[in-house]
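Reader: I would like to learn how to read the fold of a chain, going from its overall order down to a single residue. Could you take me through it step by step?

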Amino acid sequence: EAALPASAIVRRSSFLKRNPALTPEEFGRHYETVHGPLAAGLAGFRKYTLRYVQNHVEQTGGIDMPFDGITMTTQVARDDYSRGFFHEPDYEKIKEDELYLFDMGRTVSVLSRIVGGPPGPRQGRKAVFLAGAGWQPPPILAMKGLLAHSLARNDPGSASALGFRGAAFDHPFTVEAWFSTAEAREETLQQASKLFGDGTVALPVREILIFGPELPWRTGP
(Lines give C-alpha, C1' and ligand atoms only; values in the text may rest on other atoms or scores of the structure.)
Protein backbone atom coordinates (compact mmCIF):
# COMPACT_ATOMS: atom_id res chain seq x y z
CA GLU A 1 0.00 0.00 0.00
CA ALA A 2 2.88 2.38 -0.68
CA ALA A 3 0.65 4.24 -3.15
CA LEU A 4 -2.31 4.82 -0.81
CA PRO A 5 -4.53 7.75 -1.79
CA ALA A 6 -3.60 11.08 -0.26
CA SER A 7 -6.95 11.15 1.59
CA ALA A 8 -6.15 7.99 3.58
CA ILE A 9 -5.03 8.27 7.21
CA VAL A 10 -1.77 6.35 7.24
CA ARG A 11 0.32 5.40 10.23
CA ARG A 12 3.74 3.87 10.64
CA SER A 13 3.95 1.53 13.61
CA SER A 14 7.29 0.29 14.90
CA PHE A 15 7.15 -2.73 17.20
CA LEU A 16 10.25 -2.51 19.35
CA LYS A 17 12.15 -5.12 21.34
CA ARG A 18 14.67 -3.79 23.83
CA ASN A 19 18.37 -4.51 23.67
CA PRO A 20 18.84 -7.46 26.07
CA ALA A 21 21.65 -5.52 27.74
CA LEU A 22 19.00 -3.13 29.11
CA THR A 23 16.48 -3.79 31.85
CA PRO A 24 12.83 -2.98 31.11
CA GLU A 25 13.16 0.06 33.37
CA GLU A 26 16.29 1.30 31.59
CA PHE A 27 14.63 0.77 28.22
CA GLY A 28 11.45 2.62 29.18
CA ARG A 29 13.31 5.59 30.66
CA HIS A 30 15.62 5.97 27.64
CA TYR A 31 12.82 5.41 25.12
CA GLU A 32 10.72 8.20 26.66
CA THR A 33 13.26 10.78 27.79
CA VAL A 34 16.09 10.35 25.23
CA HIS A 35 14.92 8.52 22.11
CA GLY A 36 11.54 10.26 21.78
CA PRO A 37 12.89 13.82 22.00
CA LEU A 38 15.84 12.89 19.77
CA ALA A 39 13.57 11.67 16.97
CA ALA A 40 11.04 14.47 17.41
CA GLY A 41 13.79 17.08 17.21
CA LEU A 42 14.87 16.00 13.72
CA ALA A 43 13.51 17.96 10.77
CA GLY A 44 13.45 14.81 8.61
CA PHE A 45 11.22 13.07 11.15
CA ARG A 46 8.77 15.96 11.49
CA LYS A 47 8.67 16.33 7.69
CA TYR A 48 6.63 13.12 7.50
CA THR A 49 4.97 13.01 10.94
CA LEU A 50 1.78 14.66 12.17
CA ARG A 51 1.57 12.88 15.51
CA TYR A 52 4.03 10.75 17.50
CA VAL A 53 2.85 8.38 20.23
CA GLN A 54 4.89 5.93 22.28
CA ASN A 55 3.23 2.85 23.75
CA HIS A 56 5.23 1.43 26.65
CA VAL A 57 4.43 -2.25 27.12
CA GLU A 58 3.64 -2.98 30.75
CA GLN A 59 5.53 -5.96 32.16
CA THR A 60 3.26 -8.40 33.99
CA GLY A 61 4.18 -11.43 36.05
CA GLY A 62 7.77 -11.56 34.83
CA ILE A 63 6.60 -12.68 31.36
CA ASP A 64 8.94 -11.76 28.50
CA MET A 65 6.72 -9.79 26.15
CA PRO A 66 7.34 -10.06 22.39
CA PHE A 67 7.76 -6.26 22.28
CA ASP A 68 8.71 -3.61 24.84
CA GLY A 69 7.43 -0.55 23.01
CA ILE A 70 5.35 0.50 20.02
CA THR A 71 5.99 3.78 18.24
CA MET A 72 2.97 5.03 16.27
CA THR A 73 3.40 7.99 13.92
CA THR A 74 0.50 9.43 11.95
CA GLN A 75 1.96 10.19 8.54
CA VAL A 76 1.76 13.36 6.47
CA ALA A 77 -0.46 12.63 3.45
CA ARG A 78 1.54 12.04 0.27
CA ASP A 79 1.41 10.04 -2.94
CA ASP A 80 4.26 7.63 -2.14
CA TYR A 81 4.48 6.25 1.40
CA SER A 82 7.48 4.11 0.51
CA ARG A 83 9.51 7.30 0.95
CA GLY A 84 9.80 8.54 4.49
CA PHE A 85 12.08 9.36 7.41
CA PHE A 86 14.26 6.29 6.82
CA HIS A 87 15.38 7.93 3.54
CA GLU A 88 16.19 11.32 5.06
CA PRO A 89 19.85 12.32 5.71
CA ASP A 90 19.21 13.07 9.37
CA TYR A 91 17.99 9.51 9.98
CA GLU A 92 21.71 8.79 10.44
CA LYS A 93 21.55 10.92 13.61
CA ILE A 94 19.26 8.41 15.32
CA LYS A 95 20.69 5.10 14.07
CA GLU A 96 23.27 4.86 16.85
CA ASP A 97 20.58 5.36 19.48
CA GLU A 98 18.40 2.71 17.84
CA LEU A 99 21.26 0.21 17.95
CA TYR A 100 21.78 1.02 21.63
CA LEU A 101 18.10 0.79 22.55
CA PHE A 102 16.66 -1.99 20.36
CA ASP A 103 17.24 -5.63 19.50
CA MET A 104 17.16 -5.02 15.75
CA GLY A 105 16.63 -8.70 14.94
CA ARG A 106 13.31 -8.62 16.79
CA THR A 107 12.10 -5.14 15.82
CA VAL A 108 9.80 -4.44 12.88
CA SER A 109 8.18 -1.35 11.35
CA VAL A 110 5.07 -1.47 9.15
CA LEU A 111 2.72 0.95 7.39
CA SER A 112 -0.99 0.80 8.22
CA ARG A 113 -4.19 2.43 7.03
CA ILE A 114 -6.66 3.56 9.70
CA VAL A 115 -10.02 1.98 8.85
CA GLY A 116 -12.04 2.29 12.07
CA GLY A 117 -11.93 5.01 14.70
CA PRO A 118 -9.75 8.08 14.10
CA PRO A 119 -6.24 8.08 15.62
CA GLY A 120 -6.08 10.36 18.60
CA PRO A 121 -5.98 10.56 22.39
CA ARG A 122 -8.20 8.23 24.39
CA GLN A 123 -8.91 7.77 28.09
CA GLY A 124 -8.59 4.75 30.36
CA ARG A 125 -6.37 1.67 30.38
CA LYS A 126 -4.99 0.84 26.94
CA ALA A 127 -4.16 -2.41 25.19
CA VAL A 128 -2.84 -3.18 21.69
CA PHE A 129 -3.84 -6.34 19.84
CA LEU A 130 -2.03 -7.64 16.74
CA ALA A 131 -4.69 -9.86 15.21
CA GLY A 132 -3.95 -13.41 14.15
CA ALA A 133 -3.50 -14.17 10.46
CA GLY A 134 -6.85 -14.38 8.69
CA TRP A 135 -8.90 -12.45 11.27
CA GLN A 136 -11.55 -10.15 9.86
CA PRO A 137 -13.02 -7.43 12.08
CA PRO A 138 -16.65 -7.67 13.21
CA PRO A 139 -18.82 -4.56 12.84
CA ILE A 140 -18.68 -3.89 16.59
CA LEU A 141 -15.98 -4.98 19.02
CA ALA A 142 -17.89 -6.29 22.04
CA MET A 143 -15.45 -6.04 24.93
CA LYS A 144 -16.25 -5.54 28.59
CA GLY A 145 -15.56 -1.98 29.72
CA LEU A 146 -14.53 -0.80 26.24
CA LEU A 147 -14.46 3.00 26.02
CA ALA A 148 -12.99 3.48 22.55
CA HIS A 149 -11.05 1.66 19.88
CA SER A 150 -9.08 2.29 16.71
CA LEU A 151 -8.58 -0.25 13.93
CA ALA A 152 -5.70 -0.24 11.43
CA ARG A 153 -5.18 -2.51 8.40
CA ASN A 154 -1.49 -3.38 8.15
CA ASP A 155 0.54 -3.70 4.96
CA PRO A 156 2.96 -6.66 5.44
CA GLY A 157 4.79 -5.73 2.23
CA SER A 158 6.01 -2.50 3.83
CA ALA A 159 7.64 -4.25 6.81
CA SER A 160 11.28 -3.51 7.59
CA ALA A 161 13.66 -3.65 10.54
CA LEU A 162 13.42 0.14 11.01
CA GLY A 163 14.73 0.72 7.52
CA PHE A 164 17.82 -1.48 7.93
CA ARG A 165 16.49 -4.48 5.99
CA GLY A 166 13.32 -6.39 5.16
CA ALA A 167 11.30 -8.04 7.92
CA ALA A 168 8.32 -10.36 8.27
CA PHE A 169 4.99 -9.20 9.71
CA ASP A 170 1.90 -11.41 9.43
CA HIS A 171 -0.76 -9.62 11.49
CA PRO A 172 -3.48 -8.21 9.20
CA PHE A 173 -4.87 -5.72 11.74
CA THR A 174 -3.79 -3.72 14.75
CA VAL A 175 -6.51 -2.90 17.27
CA GLU A 176 -5.98 -0.23 19.91
CA ALA A 177 -8.51 -0.41 22.74
CA TRP A 178 -9.15 1.73 25.82
CA PHE A 179 -10.92 0.26 28.85
CA SER A 180 -12.65 1.76 31.85
CA THR A 181 -10.72 -0.37 34.36
CA ALA A 182 -7.56 -2.46 34.62
CA GLU A 183 -9.76 -5.49 35.35
CA ALA A 184 -11.76 -5.06 32.13
CA ARG A 185 -8.54 -4.73 30.14
CA GLU A 186 -7.03 -7.83 31.75
CA GLU A 187 -10.16 -9.89 31.02
CA THR A 188 -9.96 -8.95 27.32
CA LEU A 189 -6.22 -9.67 27.20
CA GLN A 190 -6.92 -13.16 28.51
CA GLN A 191 -9.52 -13.69 25.76
CA ALA A 192 -7.38 -12.27 22.95
CA SER A 193 -7.07 -15.50 20.92
CA LYS A 194 -10.83 -16.04 21.04
CA LEU A 195 -11.52 -12.46 19.96
CA PHE A 196 -8.80 -11.95 17.37
CA GLY A 197 -7.72 -15.43 16.27
CA ASP A 198 -4.87 -17.82 16.99
CA GLY A 199 -1.47 -16.17 16.89
CA THR A 200 -2.75 -12.87 18.29
CA VAL A 201 -0.25 -10.74 20.20
CA ALA A 202 -1.95 -8.95 23.11
CA LEU A 203 -0.10 -6.16 24.92
CA PRO A 204 -1.07 -3.96 27.89
CA VAL A 205 0.46 -0.56 27.26
CA ARG A 206 0.90 2.92 28.72
CA GLU A 207 0.49 5.59 26.04
CA ILE A 208 2.68 8.71 25.94
CA LEU A 209 2.08 11.52 23.46
CA ILE A 210 5.41 12.99 22.33
CA PHE A 211 3.89 15.53 19.94
CA GLY A 212 0.78 16.14 17.88
CA PRO A 213 -1.82 18.81 17.05
CA GLU A 214 -2.86 18.93 20.71
CA LEU A 215 0.76 19.00 21.95
CA PRO A 216 3.04 20.73 19.41
CA TRP A 217 6.73 19.88 19.52
CA ARG A 218 8.94 22.81 20.44
CA THR A 219 12.71 22.86 20.04
CA GLY A 220 13.20 26.04 22.10
CA PRO A 221 12.06 27.40 25.47
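**Reading the fold**

Author: Read along the sequence, this chain runs β-α-α-β-β-α-β-β-β-β-α-α-β, a pattern made of five helices and eight strands, where helices (H or I, at least four residues) and strands (E, at least two) are DSSP runs numbered from the N terminus. The model is predicted, so that local features need pLDDT of at least 70 and side-chain atom pairs count only at pLDDT 80 or more, while totals for chains, interfaces and linings use all residues. Residues are numbered from 1 along each chain as its sequence is written, and side-chain values use heavy atoms, with hydrogens and water left out.

Reader: In what order do the eight strands close into a barrel?

Author: Strands of a sheet pair through backbone hydrogen bonds, either parallel or antiparallel. Here the order is β1-β3-β2-β8-β5-β7-β6-β4, with antiparallel pairing, two strands being paired if DSSP finds at least two bridges between them. From one strand to the next the twist averages 35°, the angles running from 0 to 180 degrees between N-to-C directions of axes that are lines fitted to C-alpha atoms, for helices over the stretch in contact.

Reader: Which strands does helix α1 lie across, and which does helix α4?

Author: Helix α1 (residues 24–40) lies across β1 (10–16), β2 (49–57), β3 (69–75) and β8 (201–211), at about 170° to β2. Helix α4 (residues 182–190) lies across β5 (125–130), β7 (173–179) and β8, and its angle to β5 is about 10°.

Reader: Is Ser-160 buried or exposed?

Author: Ser-160, which belongs to strand β6, is buried because its relative accessible area is 11%, given that buried means under 20%, exposed over 50% and partly exposed in between (1.4 Å probe, protein chains only). Apart from neighbours within four places in sequence, Ser-160 is in contact with Phe-86, Thr-107, Val-108, Ser-109, Arg-165, Gly-166 and Ala-167, contact meaning heavy atoms within 4.5 Å.

Reader: What radius of gyration does the chain have?

Author: The radius of gyration, taken over C-alpha atoms, is compared with a globule rule of 2.2 Å times the number of residues to the power 0.38. For 221 residues a compact globule would come near 17 Å, and the chain agrees, with 17 Å. Buried residues make up 50% of the chain's 221 residues.
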